[in-house]
Amino acid sequence: MIRNYLKIAWRNLRKNRVFSFINIFGLALGLACFMLIALYVADEWSYDRFHAKAERIYRVHSDVRMGETDLHMSETSDPMGETLKNEFPQVEEFVRLYNNSGAKLIKHGDEYLNEPRVAHADSTLFDVFTLPVVAGTGKGALSEPNAVVISESAAERYFGGAAAAIGQNLETDDAGGTAYQVRAVFQDLPEQSHFHIDFFFSMANVNYDFGNFASHNFNTYILLREGADPAEFPAKFEQVIQKYLAPLLQQYMQTDLETFRKSGNRIEYSLMPLTDIHLHSDRTAEFEPNGSIQNIYIFSVAALFILVLACVNFTNLSTARSAGRAREVGIRKTMGTRKPALIGQFLTESVLLAYIALVLAVGICALLLPWFNGISGKELVLADLLRPGYLLFLGALPLLVGVLAGVYPAFFLASFNPIRALKGKKGSGSKAEPVLRNALVVFQFAVSIILIVGTLVIYNQLEFIRKARIGFDKEQVAVVDTGGIPGSNRAAFKQEVAALAGVRSAAFAGYLPVANSSRSDTSFSTDPVMSETNMFNMQIWRTDYDYIPTMGMELLEGRNFSTEFGSDSTALIINQRAAEILGVSNPVGSKLYYRSAPDQEEAEIYTIIGMVRDFNFESLRQNVGPLAMRLGRNDWATALRMAPGDLESTLAQVEQQFHEMAPGMPFSYTFLDESFDQMYRQEQRMGRVALSFAVLAILIACLGLFGLVTYVAEQRTKEIGIRKVLGASLGNILGLLSRDFLKLVLLAFVIGSPIAWWAMSAWLEDFAYRAPIELWIFAATGGAALAIALFTMAFKALRAALQNPVNSLRTE
């Protein structure tokens, strides 16, 4: 019987080739999109799960509010890990990672290479994380100073292989040119890791004032024992705060913890599961930009909707073609075929079509995967679909889709009245069928409209970011990494390149208003004695005399730093937000106080000499926080404001000056505007993926609409012939065939627009600075939907309208 079902199904597919193609291609597009997003989502969910103990590893987070400043940090104090292990038996082990020093210069032959993927780690690194060792011994490798463990790719780069690397020394630019001995080589961290580090150096080599609970500079991970409950740790962190932080408040501010909290301040710690970091953490001092669980939800829902659109196409076209199969159903019922057998036949056709679509979908995936990797920033491969879990999923998906898409048409066709069917009348006589078909068309275009609006809102927000008044001029600024130049030569290098014809100005720029640049926050008070009511926390950036003009910042009050004023060594230039916290419109002349240690006899006094316009030193997702600039060393990077013209020639001259100052050191630079754009890479990728979804949704909806118009034109051939004989014009015929469908598109616009507005308003909530959702977005979407629908219907409607009426009436 199954063989007979398949034979009949194949014959029907061949007989109705246009409708079969529309159904198969539409389903294939939906399945291909669903598979691509399934690969993407599975890849995002898999982050950090390769660690054998991943389910028991947690990162300690810090949340601090002082004055009107909030800090949400992925780091914590250096004693936190050891304290948790020593005082709470639920903690089996801990490891700290420290990379505040940023990149290191490592000697390779006669030159130094700039290595950004570096960190210092505790000797417990291999006890917490799963880093398979391919040479040497991982356990205890970092227990002594001047030790390092490196990745396979680093071993290949420096020594030609893992085995050859063991026991070799790596000379760095650390103080005194420290040489580290390679103790172990581990497999490269997979792409699905929230950090990618090639060099783990011994923590014993970190030059740091250890033991300070008030300073948060270490990424700390703890390994809980089997059966330990992380929900118990809020109470345990409170014990740590009471025991170690409360005395510091008393020393620094002469206040107790309760009073500190009542004033609106807070210090809190929390745990985040290792496997949640990539999709749920967006804190300061992340190793790398993380993903977004919100985007995963959006992509998943969009992919599901597109698959549903393809199923809707199948349901619509199958019910629309019901009249063509009415006589078949009538004859088979007259010959004794029961309703369950007919339902089985039609479901078999549906499932067969879905499996044919699956084969085509895999081919589409293979063609689109390189393009999809490009827009999503992934490295997905088609071989991932061959994993056992995926194969089972792919095998079941067409069966599920075929049944869900075909169940209504199957029951609808099987319920035809055989007598009415054999008389050439519509079998069921049901009035619900066209209503359902129209509802499905509305659903298709409503989803398409939501996706189009979403895409336009994303691109509008990106354009807003590009043109936003961010408080500094990011164009034509090259940032040169001068960490490789000996400290005594850096001022000379800056002076030499500033004199070049193609350079307008130069400034030391270790602190920049883009991601992955140096940051330093410090607590100040408005009175000599710090208290919970007069203190606040703000960024403090060390700059030089040329920083503000080179960065194109605007001084609103006061003056810039000047060599003419010796007192500028204790001067500050603050931003507008800091002035708001101080409660003054013109802060010039105001004093701020700072204590570097609780036992410091007198507070350091700083005088405010100027105020700059607020500038966005973090992304536009965050409000501008308080910031102050002071004179100080920040010469590990130099910003050059370039004159318009031959940038390549100017940069070649800069490189020549660099190598004269630092022979054998690598020359590298970035453009400030490119670094700024990188902060919004996630939104750019989301925009491209959303645009792709919108195009696919429109294409699938148009395939269905084309099929329905084709069906309607065939069903109304006689009517069209009669109308033309009676004098109907071409416009009349086109209006007759398209009017009802255009009404459905307009209804879809009315339904989809408010849903799109609500969804994208929620998405924009993540941005402190955002573009409004303007009326032109909805006008453009509505116009595009109508134009696309008209274009889709035009070919078939025009062909039907131009047909000779004699041909359509000849058979009557």
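Predicted model: local features only at pLDDT ≥ 70, side-chain atom pairs only at ≥ 80, totals over all residues.
Two strands are said to pair if DSSP finds at least two bridges between them.

The protein chain holds 25 helices and 25 strands. Of its 812 residues, 52% are buried. Its accessible surface is about 35,900 Å², and carbon and sulfur atoms supply 56% of that area. As for contacts with a separation of 6 or more, 78% link residues 24 or more positions apart.

In what order do its 4 strands lie? The order is β16-β24-β15-β25, the pairing is antiparallel, and the sheet is open. The edge positions belong to β16, residues 503–508, and β25, residues 669–671; each has a single partner strand, so one side of each is left without a neighbour in the sheet. From one strand to the next, the twist averages 20°.

β16 is joined by 5 bridges to β24, residues 637–642, and the two strands run antiparallel.

Helix α16, residues 487–498, packs on it and touches β15 (477–481), β16 and β24. The direction of α16 makes about 165° with that of β16. Helix α19, residues 647–661, lies across β15, β16, β24 and β25, and runs at about 150° to β24.

How do these two helices pack on each other? In general, two packed helices are described by the angle between their axes and the distance between the axes. For α16 and α19 the angle is about 155°, and the axes are 10 Å apart. Angles over 145 degrees count as roughly antiparallel, and α16 and α19 are therefore roughly antiparallel to each other. Their crossing is right-handed. On the α16 side, the residues that meet α19 are Asn489, Ala492, Phe493, Glu496 and Val497; on the α19 side they are Val654, Gln657, Phe658 and Met661.

Helix α3, residues 80–87, and helix α7, residues 233–253, have axes that come within 11 Å and cross at roughly 110°. α3 and α7 are therefore roughly perpendicular to each other. Here α3 passes α7 in a right-handed crossing. The contact brings Met80, Thr83, Leu84 and Glu87 of α3 against Phe237, Val240, Lys243 and Tyr244 of α7.

I move next to another pair of strands. Strand β17, residues 521–525, is mostly covered, with 4 of its 5 residues buried. It is joined by 5 bridges to strand β18, residues 535–543, and these two run antiparallel. Within this pairing, Ser525 has Met535 in β18 as its bridge partner.

Finally, I draw attention to two loop residues. Which value does phi take at Ala285? It is positive, about 65°, although Ala285 is not a glycine. Ala285 sits in the loop between α9 (277–280) and α10 (293–320), and is partly exposed, with a relative accessible area of 36%. Gln476 also has a positive phi, near 60°, in a residue other than glycine. Its place is the loop between α15 (432–467) and β15, where Gln476 is partly exposed with a relative accessible area of 31%.

Definitions and conventions: Residues numbered from 1 in each chain as written. Heavy atoms only, no water. Axes fitted to C-alpha atoms, helices over the stretch in contact; angles between N-to-C directions. Contact = heavy atoms within 4.5 Å. Buried < 20%, exposed > 50% of the residue type's maximum accessible area, 1.4 Å probe, protein only. Areas by Shrake-Rupley, 256 points an atom, 1.4 Å probe, with all protein chains shown as cover. Parallel < 35°, antiparallel > 145°, perpendicular 65-115°, else oblique. Left-handed = near helix turned anticlockwise from the far one by under 90°.
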